[in-house]
Amino acid sequence: MKSTEVEVVQEKIAEKQQEPSHSEHTHKDFFGAKIGMWLFLFTEMLLFGGLFLAYMVYRLQYSIDFVIAAQDLNLLLGTINTIILLTSSLTMALSIAAIQRGRKALSIFFLLSTIGFALAFLVIKYFEWTAKFHHGIYPNSPELLNKPNGEIIFYGLYYSMTGLHALHVVVGAILLLFMLLFLWRNKIHKEDYIKLENSGLYWHLVDLIWIFLFPLFYLIH
Amino acid sequence: MEKEHKHNLIPYGTYFLVWLSLISLTVLTVSVAGVDFGRIALFLALTIAAIKSTLVINYFMHIKFDQPIFKFFLAVALATLATIFILTSTDVFFR
């Protein structure tokens, strides 16, 4: 029932775009927008790359301490969060696939699911971190400082890398909320969904980083 | 540009298959982590992570279906990252 409504709205939009007076102003370079997004993603790759580099060097130096420190991380929560993020990437891709076919309601549904998964990830991360804090393991805590250097560095890297990643999840969720608003107001539609596509690219990058964080912190034995 | 946008419609089913592979690889990497592979454990975990990333980049991020220039950019960025890693690791190893 809604699809006819959507079609009517989209026809109106299409008409608007065909008006000659608008054409000059509404011309958009989708290709350029996407290149810009990818260039930004490369800077993000280098930002996290630097942290992964630090991880590599210290892991080579303190491999035994890293194994001991990693035993205290909650593998179950880490795995659940991995599955949540992978699924959120699926719903993100499906949201774009839906708007490409002009199905606004479906696109909104998938985008809402993505935001929901993002929140679930953050809630789990919150419980994981507070449990660690209760055990006295947080940066500069007296208990942590009594441990060997390698374990201190492991937790330093753990908090800075998963922390920076969680910050990206927060930013991504806020970005997706704006996209939801744009979809709702038909600013994103079948003919122009580059905003949603680029936000999707950002969201998938967040997922990509977690794909590497997960084995490096949770799967050391 | 709009035309190019239109004719790369990827079926919903493809995304589901990619997701299913990603979940399977996650299950695999978690179950394999319990086995004592010694030194190759890290290599194995990173290989699985690399396969997962390839799937995400190719399908979810559409690189497979985008214009070749995107693949080229990505290759340059990855090569830069790889160079930094290789140079640093040789420095750490032979110090």
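User: Hi! What does "buried" mean in relative accessible area?

Analyst: Buried means under 20% relative accessible area. Residues over 50% are exposed, and those in between are partly exposed. Also, please keep in mind that this is a predicted model.

User: Thanks! Is Phe110(A) buried or exposed, then?

Analyst: Phe110(A) has a relative accessibility of 13%, so it counts as buried. You'll find Phe110(A) in helix α6 of chain A.

User: What does Phe110(A) touch?

Analyst: Setting aside residues up to four places away in sequence, Phe110(A) touches Thr91(A), Leu94(A) and Ser95(A). Met92(A) is 18 residues away from Phe110(A) in sequence, with 6.5 Å from C-alpha to C-alpha.

User: And how do α5(A) and α6(A) cross?

Analyst: Helix α5 of chain A covers residues 75–100, and its axis comes within 8 Å of the axis of α6(A), crossing at roughly 165 degrees. That makes the two helices, α5(A) and α6(A), roughly antiparallel, since angles over 145 degrees count that way. The crossing of α5(A) past α6(A) is left-handed.

User: Which residue classes make up the contact of α5(A) with α6(A)?

Analyst: The contact of α5(A) with α6(A) has 15 nonpolar, eight polar and three charged residues.

User: Staying in chain A, which residues of helix α4 are buried?

Analyst: Helix α4 of chain A spans residues 63–70, and Asp65(A), Phe66(A), Ala69(A) and Ala70(A) are buried in it. Looking down the axis of α4(A), the buried residues fall within an arc of 130 degrees, so they line one face of the helix.

User: What do the buried residues of α4(A) pack against?

Analyst: They pack against three helices of chain A: α3 (30–61), α8 (149–184) and α9 (194–218).

User: Let's bring in chain B. How does α3(A) cross helix α4 of chain B?

Analyst: Helix α4 of chain B runs over residues 68–93, and its axis comes within 10 Å of the axis of α3(A), with a crossing at roughly 15 degrees. That makes α3(A) roughly parallel to α4(B). Their crossing is right-handed. By class, the contact of α3(A) with α4(B) has 22 nonpolar, three polar and one charged residues.

User: What about α2(B) and α3(B), how do they pack?

Analyst: Their axes are 10 Å apart and the packing angle is about 170 degrees. So α2(B) and α3(B) are roughly antiparallel to each other. Among the residues making the contact are Trp19(B), Leu22(B) and Leu25(B) of α2(B), and Ile48(B), Ile51(B) and Leu55(B) of α3(B). By class, the contact of α2(B) with α3(B) has 15 nonpolar, four polar and one charged residues.

User: Where does Ile23(B) lie, and what is it in contact with?

Analyst: Ile23(B) lies in helix α2 of chain B, residues 12–33. Leaving aside neighbours within four places in sequence, Ile23(B) is in contact with Ile83(A), Leu86(A) and Thr87(A). Ile23(B) is buried, with a relative accessible area of 16%.

User: And what does Val30(B) touch?

Analyst: Val30(B) lies in helix α2 of chain B too. Not counting residues up to four places away in sequence, Val30(B) touches Leu75(A), Thr79(A), Phe214(A) and Leu219(A).

User: Which helix holds Ile40(B)?

Analyst: Ile40(B) lies in helix α3 of chain B. Its relative accessibility is 45%, so Ile40(B) counts as partly exposed. The C-alpha atoms of Ile40(B) and Asp66(B) are separated by 35 Å, and these residues are 26 apart along the chain.

User: New topic: what is the phi of Asn140(A)?

Analyst: Most residues other than glycine have a negative phi. Asn140(A) is not a glycine, yet its phi is positive, about 70 degrees. Asn140(A) sits in the loop between α6 (104–134) and α7 (142–145) of chain A. With a relative accessible area of 64%, Asn140(A) is exposed.

User: And His62(B), is that buried or exposed?

Analyst: His62(B) is buried, at a relative accessible area of 7%. His62(B) has a positive phi as well, near 65 degrees, and is a residue other than glycine. Look for His62(B) in the loop between α3 (40–60) and α4 of chain B.

Note on methods: Residues numbered from 1 in each chain as written. Chains lettered and ligands numbered in written order. Predicted model: local features only at pLDDT ≥ 70, side-chain atom pairs only at ≥ 80, totals over all residues. Heavy atoms only, no water. Buried < 20%, exposed > 50% of the residue type's maximum accessible area, 1.4 Å probe, protein only. Helix = DSSP H or I, 4+ residues; strand = E, 2+ residues; numbered from the N terminus. Arc of directions from axis to C-beta. Contact = heavy atoms within 4.5 Å. Axes fitted to C-alpha atoms, helices over the stretch in contact; angles between N-to-C directions. Parallel < 35°, antiparallel > 145°, perpendicular 65-115°, else oblique. Left-handed = near helix turned anticlockwise from the far one by under 90°. Nonpolar A, V, L, I, M, F, W, Y, C, P; charged D, E, K, R; others polar.
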